[in-house]
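Dear colleague,

I am passing on the structure below, and my notes on what was found in it follow directly after. Please read them alongside the coordinates.

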Amino acid sequence: MLRPVLLSVLVAATAATNTLVLVDTLATRETHSIFLKSLQERGHELSVKAADDPSLQLSRYGEYLYQNLVILAPGVEEFGGALSVETIVEFIDGGGNVLVAGSRDAADLIRELVTEVGVEMDEEGAAVIDHLHYDANDDGQHTLIAAPSSGLIDSEVMVGSKDATPLLYRGTGLITDAENPLVLPVLRAPSTAYCYNPTQPITDYPHATGQNMLLVAALQARNNARVVVSGSLEFFSDAFIMASVQTPQNERHEKSGNGKVVEALSRWVFMEEGVLRVVSVDHHLVGQKQPPIAYTIKQDVEYKIKVERLVEGEWKPFIAKDLQMEFVRIDPFVRLTMTPSSEGVFSVKFKVPDVYGVYQFKVEYNRVGFTRLFSTTQVSVRPFTHLEYERFIECAYPYYASAFSMMIGVFLFSLVFLHHKEPQKTKGD
Amino acid sequence: MMSAPVLNYRTRGWMRMSVEKQDTLLKMAVLSLAAVLSFSCRLFSVLRFESVIHEFDPYFNYRTTKFLAEEGFYNFHNWFDDRAWYPLGRIIGGTIYPGLMVTSASIYHILNWLNVSIDVRNVCVFLAPLFSSLTTLVTYHLAKELKGPGAGLVAAVMIAIVPGYISRSVAGSYDNEGIAIFCMLLTYYMWIKAVKTGTLFWSTMAALAYFYMVSSWGGYVFLINIIPLHVLTLMVTGRFSHRVYVAYSTLYVIGTILSMQISFVGFQPVSTSEHMGAFGVFGLCQIHAFVDYVRSRLNKVQFEVLFRAVISTVAVTGVLVLVVLTALGKIAPWTGRFYSLLDPSYAKNNIPIIASVSEHQPTAWSSFYFDLQMLTFMFPVGLYFCFSSLTDENIFIILYGVLSIYFAGVMVRLMLVLAPVMCILSGIAVSSMLTTYMKQIDEVKTEKKKAKFEGNYFMRSEIATFFVCIMSVFLVMYTLHCTWVTSEAYSSPSIVLSARGHDGSRIIFDDFREAYYWLRHNTPEDAKVMSWWDYGYQITAMANRTILVDNNTWNNTHISRVGQAMASTEDKAYEIMRELDVDYVLVIFGGLTGYSSDDINKFLWMVRIGGSTEKGTHIKEHDYYTPAGEFRVDKEGSPTLLNCLMYKMCYYRFGQVYTEGGKPPGYDRVRNVEIGNKDFELDVLEEAYTTEHWIVRIYKVKDLPNRGA
């Protein structure tokens with residue numbers, strides 16, 4: 001089934017993308033100009049507004065005015081206009097994409113918002129501290145982290161190609177909801193990091209430590225809306241993108257990795273990268289064109305699905321070797337890897353199992369960074385009709401012979417019995 | 001003006017008729033009146049409500065009949081229904097007795113061919129009354145063969161109104177039993193004829209009638225056991241003759257071959273233990289006939305020697321073969337159903353799905369009187385009269401009576417098999433007694449002198465008159481009772497409920513149809529509805545939606561899965577519902593109206609059935625009871641019960657509702673308690689629709705949360 005979400009993605013890809021950027025102070029426009037400019041260059045119609053602007057609204061007459069929302073306002077106590085945590089959550093459920101940046105002093109509003117997407121920011125005032133991975137420009141508290149790029153998620157679609165450049169980060173740590181299977185760890189903190197208020201003595205065990213702590217998290221909702229949460233507003237700033245990095249181990253990099261990652265991540269979150277769609281599904285008997293009303297058991301079936309991928313704003317055939325089709329009746333009876341063609345049509349031929357029932361052709365393709373491909377087509381599989389069984393089976397020939405010989409025998413016997421005259425009688429006459 | 005001469009002419013005509021003609025006329029009149037009566041007394045529900053199909057199974061039969069009438073026989077035969085038992089599906093053609101559908105579809109086509117436009121539903125609604133009229137006629141003929149026309153007439157009139165039969169054949173109760181009783185009595189009649197005459201013609205007719213019976217009801221097994229038993233009894237009592245030989249051999253061979261043509265029956269007649277009796281008796285028949293032949297050719301001493309030798313070798317080898325085969329596992333052990341007939345508690349202890357059906361419960365003593373009234377007392381009298389003049393055919397009716405009274409005691413639904421024989425035996429009894437005493441009334445007038453000498457027969461005529469009067473009173477009482485029972489107990493179409501208001505007016509609860517039509521018009525075409533199996537047939541027939549389980553309880557594990565969902569907590573149930581692609585859940589709730597056969601009262605069966613399979617071992621019946629072992633929904637109730645899906649679906653928002661004056665909100669009028677768990681929210685379901693009187697509640701299964709857990 002073609003999901004409506006995919007259709008809306010199509011619209012987003014062709015028309016100009018409207019993106020609302022919320023900021024604490026308009027100065028953010030200057031401090032984050034590289035990031036914002038790159039968005040503009042990629043075709044986003046940016047509206048930069050103060051987060052407490054009383055004229056804010058996401059939708060009008062039930063239609064969303066924006067496809068994307070960027071919240072670079074960690075300090076906002078209350079959104080202006082019609083905006084609230086509920087409306088933003090609704091926006092996500094309605095298919096909108098959101099990028100949120102927090103900070104050490106992020107307001108409760110932002111914390112509340114990120115909990116809705118399965119991420120928790122550490123306590124107010126707490127900052128990520130790492131005594132082994134910090135930048136030379138650090139003020140002594142070791143809160144300017146130079147996170148090694150090995151902590152990045154293993155997905156080129158989301159964070160671009162990896163190189164060894166560390167990423168600069170200053171802000172709070174993120175913990176994910178362990179029960180939420182949809183949250184993705186985009187950037188893990190180094191194993192030596194922990195999160196605590198740097199100005200206070202450490203009295204109890206920090207909430208977030210080491211690899212369990214995230215610096216950047218992402219969520220791809222079931223309707224394929226995407227959300228990125230970062231604990232650091234500066235992560236996206238010009239200063240960090242342009243900065244050079246020097247680690248305590250005296251590794252020196254001319255330029256931090258932030259620029260590349262921010263670029264890639266924003267492409268991902270705003271549905272410019274890693275977007276797939278099912279164009280058409282087709283199934284029929286081998287050698288035919290149209291699907292029958294119901295399949296019969298043991299028939300040979302061909303299943304085709306056409307998948308496309310969004311590349312530079314255009315739908316191109318998707319090619320992969322690991323797309324599988326399942327033929328499911330509660331449990332999958334058949335699970336086969338499909339062969340792709342250059343037009344993006346995946347096809348597979350198989351024999352319907354010898355079990356009747358209501359089946360579904362199911363294609364589920366979940367890969368990190370890609371939209372969820374999900375297609376299900378329900379078909380009925382019926383048993384043989386009374387004419388489809390084998391009519392003459394070899395091992396039954398003796399029975400046929402015996403039945404017919406019996407019939408002939410009885411017929412002959414009754415002929416003899418009825419027309420035989422006792423010889424004595426004829427003599428007597 | 002014209003009527004007087006006509007009447008006059010008629011009177012003269014009547015007078016002029018010979019006794020035989022008068023007799024025939026009288027018989028015809030009584031019979032046709034009985035037939036009309038049996039038709040019309042089954043119409044209470046149609047007149048009170050409307051021409052509507054009742055209960056649960058009839059809805060399936062109606063749906064299949066419609067399919068047959070529209071699509072033709074071969075499509076019907078090959079029909080694979082993907083709307084039922086999702087996602088398993090059901091082969092309708094191979095899992096039903098098609099006799100009922102074929103009968104009504106033929107009637108439908110014939111009537112339409114005659115340009116009588118009638119729709120399938122009306123044919124279905126009135127089929128059972130029509131066939132009960134025919135039953136009346138067949139009963140007359142059967143009883144006539146057994147005892148004479150008098151007994152036949154009494155039996156016919158009795159069966160026309162006997163509640164035990166009416167309960168399954170009122171208008172709208174479109175079920176197999178409606179025609180099966182006719183088929184059964186027809187087969188018996190043909191069989192008696194065949195035994196009496198010993199002709200191939202009647203035996204073949206019996207086989208054909210048997211085929212019709214097989215095609216229409218699973219109860220044919222009773223028939224194929226009682227006829228061999230009759231033959232066996234005749235052999236044992238030394239009444240075996242060529243007539244019986246011809247009758248039984250023909251019936252068995254033709255009947256078995258014909259019965260195997262019904263695809264639901266298939267190879268059962270040659271493979272299952274229920275049919276082995278008939279096969280064994282067929283073999284015995286041949287041996288008996290052969291022995292008779294040998295005996296006629298040999299002298300007595302020679303025969304004795306031969307006979308003993310053969311018998312002992314056969315017995316020894318037979319036992320050996322049996323032991324060896326059983327040891328090798330070639331002979332199937334007795335099936336559960338057989339045990340449940342012999343030991344009524346077998347099914348209850350071992351197969352919850354069989355025991356959960358109310359009509360499989362043992363019969364209460366009171367229901368014998370309720371369904372049969374005076375027949376209960378007349379039955380032994382009839383047996384006495386049969387024993388007093390023993391014939392081949394009387395032995396049959398004695399066997400039939402005794403066996404069916406046992407089976408009726410085991411299962412409520414077999415009351416249906418008992419009712420006809422009760423009527424026949426009572427017909428014999430009443431007619432024999434009345435004949436005796438009526439004669440005495442007449443005799444007295446002519447033979448007054450003679451009476452003086454017979455001291456025993458003091459006041460003979462008075463006693464006779466008195467007896468006849470008493471008998472008439474009994475018969476009138478019987479009629480009144482039957483009419484009352486029919487009208488009060490058996491004429492409500494459980495699809496539309498009615499109750500009496502405070503002022504005595506009739507209140508109609510049409511919630512079922514309201515809910516089914518809601519489903520039909522407001523849910524997607526391919527929506528899957530989960531409900532307890534009782535409502536499956538109705539949902540497919542009326543709402544036209546896919547269902548998970550229905551009244552054809554062929555797959556225990558699937559029903560068990562639904563039971564598990566109902567008995568689990570929301571989280572567990574959600575997993576099961578996702579696995580089965582459930583979109584909507586439907587429950588029946590009577591707490592607001594006091595409708596007692598709702599899902600909470602059936603809930604223990606869901607627990608038992610849910611816990612009866614491997615996947616449901618975590619569901620244990622005692623978790624749903626209070627520590628004192630009670631099933632309660634109030635504050636004392638077990639927490640497992642108060643938090644399971646079924647409880648939550650039934651009582652969602654019920655805690656805020658006032659049901660009865662002077663009682664707290666959330667007062668359940670069926671259980672007569674205030675419910676224990678009042679303010680709760682549903683996590684995985686949302687209420688989609690609740691009918692006017694809250695009898696049917698429909699919930700929609702939510703999708704997985706969009707942003708994860």
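Ser487(B) lies in helix α25 of chain B, residues 460–488 (helices are DSSP runs of H or I with at least four residues, numbered from the N terminus). With a relative accessible area of 13%, Ser487(B) is buried, a term that here means under 20% relative accessible area with a 1.4 Å probe, protein chains only. Neighbours within four places in sequence aside, Ser487(B) is in contact (heavy atoms within 4.5 Å) with Phe44(B) and Arg48(B).

This is a predicted model, in which local features need pLDDT of at least 70 and side-chain atom pairs count only at pLDDT 80 or more, while totals for chains, interfaces and linings use all residues. Residues are numbered from 1 along each chain as its sequence is written, chains are lettered from A and ligands numbered from 1 in the order in which they are written, and side-chain values use heavy atoms, with hydrogens and water left out.

Turning to the interface, chain B and chain A bury about 2000 Å² between them, 53% of it on carbon and sulfur atoms; buried area is the accessible area (1.4 Å probe) lost on putting the two parts together, summed over both. Of the area that chain B buries against chain A, Phe80(B), Asn706(B) and Arg707(B) supply 36%, more than any other three residues. The contact draws 21 residues from chain B and 27 residues from chain A.

The rule finds two salt bridges across this interface, each a side-chain nitrogen of Lys or Arg within 4 Å of a carboxyl oxygen of Asp or Glu. The side chains of Arg707(B) and Glu116(A) meet in a salt bridge at 3.3 Å, N to O.

Best regards

Conventions: Helix = DSSP H or I, 4+ residues; strand = E, 2+ residues; numbered from the N terminus. Buried < 20%, exposed > 50% of the residue type's maximum accessible area, 1.4 Å probe, protein only.
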